[in-house]
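Please keep the sequence and the model open while reading.

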Amino acid sequence: MNPEALALAAPASLLIGAAVSLACGKRSGVAAWVAILATSFAAVLGTASAANVLRSGAGWSIEAAWSLPWATFSVGMDGLSAYFLAFILALAVPAAAYGKGYLAHEGDSRWAGASWAFFQILVASMAVVVLARDGVLFLIAWEGMSVASFFLVIHDHRRPEVRSDALVYLVATHLGAAALAAMFGLWGRGAGSLAFAALQGAPLSRNVAWVLFLLALVGFGSKAGLAPFHVWLPKAHPAAPSHVSALMSGVMIKMGIYGLMRFILMSGPPPAGWGYALLGIGALSAVGGVLYALAQHDLKRLLAYHSVENVGIITMGLGAGLLARTAGLEAVAMAALCGSLLHVLNHGLFKSLLFYSGGAATQAAGTRNMERLGGLLRRMPVTGAAFLAGAAAICALPPFNGFVSEWLIYSGLFNGALQGPGAVSAVLFVTIPLLALVGGLALACFAKASGVVFLGEPRSEEAARCKEVSPWMTVPMVLTALACAGVGLAAPWALRIVAPAARELAGISSNAAWNTSLGAGPLSAVVLAGWMLLIVAGIMLGFRRLLLKGKALSEAPTWGCGYAAPTARMQYTASSFAQPLLEPLSRLMRPSLRKRRPKGIFPERASFSSHYDDPADRTIFDPAITLLERLAGALRPLQQGRLQVYLLYVLLTLVALIAWEVLA
Amino acid sequence: MSSWVNAILVAVLLLDLLLSVTSRLSVLIRGFAVQAAGIAFLALLIEGFDSRHAWIVAGGTLALKAVAIPYFLNRAVIRTNARRELEPLVSYGTSLLLAALGVLLAFALAARLPMEARRAGLLIAAAAFATMITGLLLLVTRTKALTEVVGYLVLENGIFLFGLTLLGRMPLLVEMGILLDVFVGAFVMGIVVYNIHRTFDHIDVSALTTLKEDEP
Amino acid sequence: MILTALVAAPFVLGILAWVLPGRTARRAVFMGAGLVQAVLAARVIMSPPPAEWGGALGADALGLIFLGIVTLLFALAAVYTFGYMALHRHPRRRYYVPTMLFFLGSMTLAVLSRHMGLFWVALEATTLSSATLIFFDRSERSLEAAWKYLIICSVGIALALAGTFFMAMALPQGAQGSLLLDSLLAAAPGMAPAWLKIAFLFLLVGYGTKMGLAPMHTWLPDAHSEAPSPVSALLSGALLNCAFLGILRAFQVASAAGLGEFARRPLLVLGFVSMGTAAAFLIRQPDYKRLLAYSSVEHMGILAVGIGIGGGPAVFGALLHALNHSLAKGLLFFAAGAVFLLYHTKNVSGVSGLAKRAPLVAILFTAGFLAITGTPPFGLFVSELTILLAALAGGHPWIAALFLILLAVAFAAMGAAFLEMVFGEPPDEIAPAEFRGWKAALILAPPGLLALASLFFGLYMPGRMMSLLKAASLLLGGRG
Amino acid sequence: MTAHWWNALAVLPALLLSPLLLGIIGKTKALAAGRKGAPLLQPYRDLLRLLGKGAVYGRTATWVFRAAPAISLAAILTASLMLSAGPLAAPLAFSGDLVLFAYLLALSRFALIAGAMDTGSAFEGMGASREAAFSAFAEPAFFLVLGVLAWEEKALSLSAILGGADVASWSAKIPSLALAATALFLILLAENSRIPVDDPATHLELTMIHEVMVLDHSGPDLAFILYGSALKLWLFSAVLVSMFMFSSGPAWVSMALFLGGMFGVAVLVGVTESVMARLRLGRVPQLLGLAAVLAGLAALLLMAGGRP
């Protein structure tokens, strides 16, 4: 089959699978099987098609007439699309398998068929998003993605907070889509068509280009979860079932990144200002995301804030790459862009892994509150190990994949700072310590998350009773964990997948120059170091075993520093772990604390709780909603049921219109 | 003939003032009926006694508006036992003042409009406007359901007065359709008023405010 | 003669239903009327016949679009009525079928009439016939709603009659005088502009009252929420469009007289006022049928904005939107009727867990919500996008921005109610409803069909529909 | 940069001499306090003794607790591959290795924190939390220092940016270099748990940071941890010393200079520990902020100076 047909067959087979799943109704198991098969089939087709383009470097596009106004049915594939298509489909497969295991534990299977149908529609529409070469088709796929994911988020709708969180998601995603519709409309207003080919040819004035960019930033940024449009993310991810959280957080939010990249590809050489803007908003998201992640007690919400952070890092890479491109530093641009693109895949992998394992833990324990978990590694060895691997990967610790992409971004930042002209250099230089701060905070945060949830003693009965989950869930975890390590240890190979897209974004045709100076050469050294680390660690572990051979090994209670009767509740909690980090920032982050201090010689009760409201909610969206509601309330007296007043409205309208239109 | 026309138009204007000050429903209904009869007569005067079209329109108007509708409305007054409009939203003095201002406004408007086919001159436009304004005044300021109905009918009278200038241009069927609509409208409104009376034991529409938007 | 037959059939059958004894006979007549209407209308739409009655009755593209809407909704409402009335607790009313048929007849007359006076007569007749339908419940609330509907719409329409007369007066001296649309259009360039302007504004406010443009919309939420659901669906999906047609006719004349720009401005203003008012009243709206009613105000506003923007694509979008809105709103009112039968309340807060209590209704309601808020791949997405793109292409970025913002507010407000109703746990204490068997099937089939149609038009537009819409937008001064 | 097998020798000084630094610090402190103090080679003896012992494990501990010291040490050992020792070039050098260096140290920290959390002890959790927090605050400052060094040499490899000073540009660089060195010294103190940030000699668990984290480790595991921290101190000191190393000159001279510098740093740390009191925990972020500000100033000076 030719690559065009292969690519289109992928979403088509998913849609067929969705219909079949829907027909399964309450038979959850069958519907899940259908989804797994359809997703795998689509993944094979899609990756084959993508591989063809990535290998040959030759993209394709086809265009057919469509009866809708402004629309043509145009699809196509270039390096960027190929990379994202393969990424989406490859990650959907473990999510589907994990979902089968995960949903088996959920009681109500009434809507199981629909749930799996929406899962497949979500994957299919993401595939169409990256293939679309027409604005109308793009928007339809985009909204299909949003709606399908909304129905997945609302899965656990009997809990009121899930409903309100889902509403936030629904509205946020709609606002984003509105911005995109405006962007496409403004762009294609002269062309009379929204086909990308027509848009690409449309001449743009400086100001219009900026307006388009800002609209794209709002539209795509809100999907990607860039601050301050991220507010839906920490709400929707915890509400959703974990395989959906994994797919949304790992894959779907990257569609926002794809959108930004596609926008940049289509709008021609970007001005430097866009690079600065992306760098800034990326840094804001990265730092803010990780800070608020630290403040969370809800494991899945913590992971969601880390998605904000990582999307921020990706955007920083993109911004740095564009800046380097405008400064004429091709190799530097390639480094940053490859890092940004590779981080898309990497974050997809380790965030899926974390949601798989974290979700398994929270499902087994029946709570997402970390203060009630603990000691799960002993009870769920595979899940725990997977989470630790994911934690190491997301903290960009070598030899995992996260380090490789962050290293590429660092390389872009450092080299850009060293080689770039004045302003570019200074800005990139300032970004370096910010990224380092993010790294340090992320490490603290995941030390907290993995430590509090999986290590130590269980803090509640539920946590103590946890059991390892089924192979349906553990096998996807193990596979993604291996993939995390694999990308880290075979980075030059992974680089070949992203290089075509990075070349397109950097506006260069060959990456030969880059490869030797900054790219594959140093990267293979990084990989070498990763292997060395593994070898050294193996030696040390072997050495340790040798030393301990035949020695007396004994077990004893943990040393309580002289305190004789420690309980599991006395362990350091998530909140106390984060306290030294958050305390210096309390003026910035405005926690709401509730304390009841112990009083007297024999204190009876004492309690402490902290809650960190999202700053974007607190300063932007909540006031806006309040204002809107107040405004709406102020209009209520206009409709108080009095007929005479109503008639007066009619007359006054008539008089006013005549006065305005005829007499004036 | 023009003097007859003018005389009737002046009568229509005076009736407008009367309608705006009376508190008695029976006077209101009778005033409306007389006005409608005058308009029917005007149709003949303007179009000419030899026009069959005019005769039919005049006859229809007379029969429906001057006889049938007042008859139904009077029956409704008796049934609903609402003889007086006791609590208008503005006092009768103000009402009169507003009506007088309305008449002035009507003349001002009529003078400004380029009257095509000035067959009846300025006065007919002024009377039409004044009658419309009076009808609207009744609609906006009165609280009894029946007064509202009469207000609507007076408004309709005013518009019909305009229509007289176009009598030749309209197919008869349309003219009759309009008349029929008004008649059925009054009839349906009468039924509703009767039901309001039966349901609420009054026909004070200012009390009909269940359907509204609650203030938050 | 087919046009005459199309108009006359409902009246004749209505009288027949009036005199026939027995429920079964009336039902048969009712279904028969729906069938006759569907067959005749389909023929007329596929091959428009020449004008009849000296040009007073004719089928142009504009009228045909609205004829299609009226016919489809009526036929479905007829089916729906069976199930609805069978499950409804209220006593049957003998006058229901005849009045529905008169209502249908007057709407058909309105969409086919090419005479401004005749149009007025037809539209006032719709008011009178539908008022009694609103009063169907005979509750205090429905009485109040019917009363306000009757008075406000009658006054509004009276103003439209004045406007019609003014239009005639604007005709030049000795023009072959009539209010026939064709002669008006022919004579338009010579019309007295002052009179024509006044006439247009009177017609706009008058028919705008009936169409539900804010701030003349006040009757609409009352009437739509109190009427039985099949009637609400017809009011919102069909009747409002008929009034819109009145404004479009006036617009045609004004455009022909070179006053297009003048006519578009107030449309734009009223359109935005409607969208804004509706958005404000949609926020935290406690009654779901009122919610749907305000949504109708919003969508009427969108139609006005579309025409107000002007130009081929915008007008095309507005007409497409009228069609799509009718499908979606019919779907929603039908589904809302099912919800009412299940929960016995119109309060949003009284309805929850629809997905658990009645999955099929939940699916329909969800589809309706997605459709009405312009979510792809439903038809309203295409029409709203078309209007938006037309605004941008026409160089009105601020109009486009305001349009998007108001749509988003309405979306959020409706989304909140939708979530509360469809999801969650159903309340324990509600009485069980006999919602099953053929009755339920009759209730669910019409909205199901509408949902499929709305979905279909969001992905594909049949050639005939496209050509009609294009021809109609040409009539309204668009370049196609 | 070509890698020869003899480059591997560069790690030898670190491997062999790093515990000596601890000895020197201890001796300096003892002398300053007027005591005789433990012998210089005491750290070696401790290590050997611990290596020969068995181990006791907490009942809550899992494999994480057991593997953590070895992994932590392995990460530091790998990081040591990237530093040259005086004239001996680093075995592993490539553009961008400074990032790898920093993240390997982060890995070692992560392993230790995880091990501490695995004990389920409130005290070890407390230490872990403080370690994580202060390292996070130190991270931007450290990268700023690296940035300054990279900027100066226009290179991104530790081998290239360290030990490459030449006489000609020395005077122009000295202000920014001094600022960066001060910042790095502060980071060194914080990262290696020295006074004024942490007190390795304290006996009150509540006030400890690093020490309390490793309370439960025993035997070879504890030896790995102790050796790892010595090595880490060596690495930071080596960066600090190499900042001022000249590239020219005979090998034995620069080796001597290097080792002298290393022991000098140890003495300096000892002196600092002797003359300063511990900071309140809440002040530590401010100290690290100060380090970042100093490094930032260095960068500013450099950028301003780099342009006519």
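## Two helices of chain B

In this predicted model, α2(B) passes α6(B) in a left-handed crossing, a term used when the near helix is turned anticlockwise from the far one by less than a right angle, clockwise being right-handed. The helix α2 of chain B covers residues 25-47 and α6 of chain B covers residues 145-164; helices here are DSSP runs (H or I, at least four residues), strands are runs of E of at least two, and both are numbered from the N terminus. Their axes come within 10 Å and cross at roughly 10°, where axes are lines fitted to C-alpha atoms, for helices over the stretch in contact, and angles run from 0 to 180 degrees between N-to-C directions. That angle makes α2(B) roughly parallel to α6(B), since angles under 35 degrees count as roughly parallel, over 145 as roughly antiparallel, 65 to 115 as roughly perpendicular and the rest as oblique.

Among the residues of α2(B) in this contact are B:L25, B:F32, B:Q35 and B:I46, while those from α6(B) include B:L146, B:T147, B:N157 and B:L164; two residues are in contact if their C-beta atoms, placed from the backbone, lie within 7 Å. Sorted by class, the contact has 16 nonpolar, 3 polar and no charged residues, with Ala, Val, Leu, Ile, Met, Phe, Trp, Tyr, Cys and Pro counted as nonpolar, Asp, Glu, Lys and Arg as charged, and the others, Gly among them, as polar.

## How the model is read

Residues are numbered from 1 along each chain as its sequence is written, and chains are lettered from A and ligands numbered from 1 in the order in which they are written. Because the model is predicted, local features need pLDDT of at least 70 and side-chain atom pairs count only at pLDDT 80 or more, whereas totals for chains, interfaces and linings use all residues.

## Contacts between chains

Of the 4 pairs of chains that touch, chains A and D have the most contacts. In that pair, 67 residues of chain D are in contact with 67 residues of chain A. On the chain D side, two or more residues each come from β1 (55-58), α3 (63-80), α4 (97-118), α5 (122-153) and α11 (284-306), and α5(D) gives the largest share, 19 residues. This side of chain D has 45 nonpolar, 14 polar and 8 charged residues.

Chain A also meets chain C, with 43 residues of chain A in contact with 53 residues of chain C. The elements α5 (135-153), α6, α26 (615-635) and α27 (643-663) of chain A each supply at least two residues to this side, and the largest share, 12 residues, comes from α6(A). The chain A side divides into 30 nonpolar, 7 polar and 6 charged residues. By contrast, chains B and D do not touch, their nearest C-alpha atoms being 48 Å apart, and no contact joins chains C and D, whose closest C-alpha atoms lie 40 Å apart.

A residue is buried if 20 or more other C-beta atoms, placed from the backbone, lie within 10 Å of its own, exposed if 12 or fewer, and partly exposed in between.

## Local details

A:P238 is found in α9(A), residues 233-239, and counts as buried with 24 C-beta neighbours inside 10 Å. Leaving aside residues up to four places away in sequence, A:P238 touches A:D298, A:K300, A:R301, A:A304 and A:R368.

The peptide bond from A:A227 to A:P228 is cis, with omega near 0°, and A:P228 sits in the loop between α8 (206-224) and α9 of chain A. In chain B, B:D201 has a positive phi near 70° although it is not glycine, and it counts as exposed with 10 C-beta neighbours inside 10 Å.
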